[in-house]
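Hi,

Here's the structure I promised to pass on.

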Amino acid sequence: MIEPHPLRVVLAKVGLDGHDRGIKIVARALRDAGMQVIYAGLWLTPEAVVRTVAEEDADWLGLSLLSGAHMTLVPRVLQLLREAGLEHVGVIVGGIIPENDIPKLLEMGVARVFGPGTPLPEIVSFLREHSGASHA
Amino acid sequence: MLKTLLERFHRRDRLALARLVSMVARGERVEEILAGVGEPASGAASAPRGPARVIAFTGSGGVGKSTLIGKLIEQVRAEGQSVAVLACDPQSPLSGGALLGDRFRMPVRPDDEGVFIRSLAAAGGHGALAEHLADLIRLLEAFGFDVVLIETVGAGQGDTEVRELVDVLVLLLQPETGDDLQWEKAGLLEVADVIALHKADLPGAERIEAQVRATLALGVSAGLSAAPPVTVLRISSRSGEGIKELWQILAARPLRRGRRTSGRDLFRLAQQMLAARFAVAEAAGQSELQQLLAAWQQGEIASTQAALALVNLLISAPFQQV
């Protein structure tokens, strides 16, 4: 009965990391794929990111980390999402993530890790395939 | 499910508010939601509140609307009032996608429950407003926000529709935005209540102030202007110049909304109610509606005749939610 609506995706950089080239390219690709991208910015705390996800009623959260602090910050974000009642929001991670850490992040609840060189259509189709039927 | 959401809304659950904002912005079950938030459930601790002060900001892209709103949030919070922000950005006419990048410039303490910021995609071709903006304002007002700040897409010259929805319309201009002929053109300068000359720390601010004041004075001195007096001031989000004064001016303006003067307001409400009824009947596959649509699609009835029949059908049926 409800028409499919565009996916809402919050993209954010947490922690002390100013490298925002990659996340902006992802933002553009998702926009061009018909999604509503909320660019939350950089140097954010996990608390600020989770607040944004809550206020924006997002379907997905994309975190970009090139600082090496992913094993500290990503679990913190996941924990805060659960505490806020936002466990339905899917989390994807991009940036510089060593191979060995990827299984650990997936086990914590990250849906997918996209490293450098990922073709943009791969991210788009991943989000589409793993979203509920109510989304376009 | 809507019932649960509304109960949570009345318990001041911000996730429920966020979800209801999404639904209203998409035009889903708007009539029911507005009816539901209007009447608090029994036992809910909600004292009657005055109307929210609704202020819209317009001006061309890059003039500093988001940054200024970020500064004003600080002012509003310093006075202990709560504030909601609706930040509109354009939606692609090609893909339907949008990059919503306003809240990035509105830093807020993560645990401050007195602020709620929401980004909205505004479809092209409908002015600079996200659809259902009037309904969204009512929703935020019902949640209890004292102040609602609206950032338009910034269509620039044609963005006058928003005036009727808000209490105060602020037009932002900046130095080096054209010569004085720009200000003679009909439109924004006529409908603004407050004109803020932003980036006043840059060279050229005095000149633009003089031009705008001269243009406005011409209308007044010649007895031409039908519009109420406009406040003009120079501000700078970078240096902080004029920000506090701007908020004092905005807080002191009389509330325009809620005065039942314009027949157009009532007409707009009627339009919305018809649209909601149509959406429900269509989704439910109501048989009379389907028969009418089929007859029209096959060319058995003229379009105007079918449209009249549609209106009659929609208003005769009791409003029922599926």
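Predicted model: local features only at pLDDT ≥ 70, side-chain atom pairs only at ≥ 80, totals over all residues.

Residues are numbered from 1 along each chain as its sequence is written, with chains lettered from A and ligands numbered from 1 in the order in which they are written.

There's an open sheet of 6 strands with parallel pairing, in the order E5(A)-E4(A)-E3(A)-E1(A)-E2(A)-E3(B). Strands here are DSSP runs of E, at least two residues, and helices are runs of H or I, at least four, numbered from the N terminus; two strands pair if DSSP finds at least two bridges between them. At the edges, pairing on one side only, sit E5 (112–114) of chain A and E3 (98–100) of chain B. The twist averages 25° from one strand to the next (angles run from 0 to 180 degrees between N-to-C directions, with axes fitted to C-alpha atoms, for helices over the stretch in contact).

Inside the sheet, E1 (residues 8–14) and E3 (residues 60–65) of chain A run parallel, joined by 5 bridges. Lys13(A), for instance, has Ser64(A) in E3(A) as its bridge partner. Helix H3 (residues 70–83) of chain A packs on the sheet and touches E1, E3 and E4 (90–95) of chain A (contact: C-beta atoms, placed from the backbone, within 7 Å). The direction of H3(A) makes about 165° with that of E3(A).

H3(A) also meets H4 (residues 101–108) of chain A: their axes come within 10 Å and cross at roughly 10°, so the two are roughly parallel (angles under 35 degrees). Among the residues in contact are Val74(A) and Leu78(A) from H3(A), and Leu105(A) from H4(A).

Cheers

Technical notes. Contact = placed C-beta atoms within 7 Å. Parallel < 35°, antiparallel > 145°, perpendicular 65-115°, else oblique.
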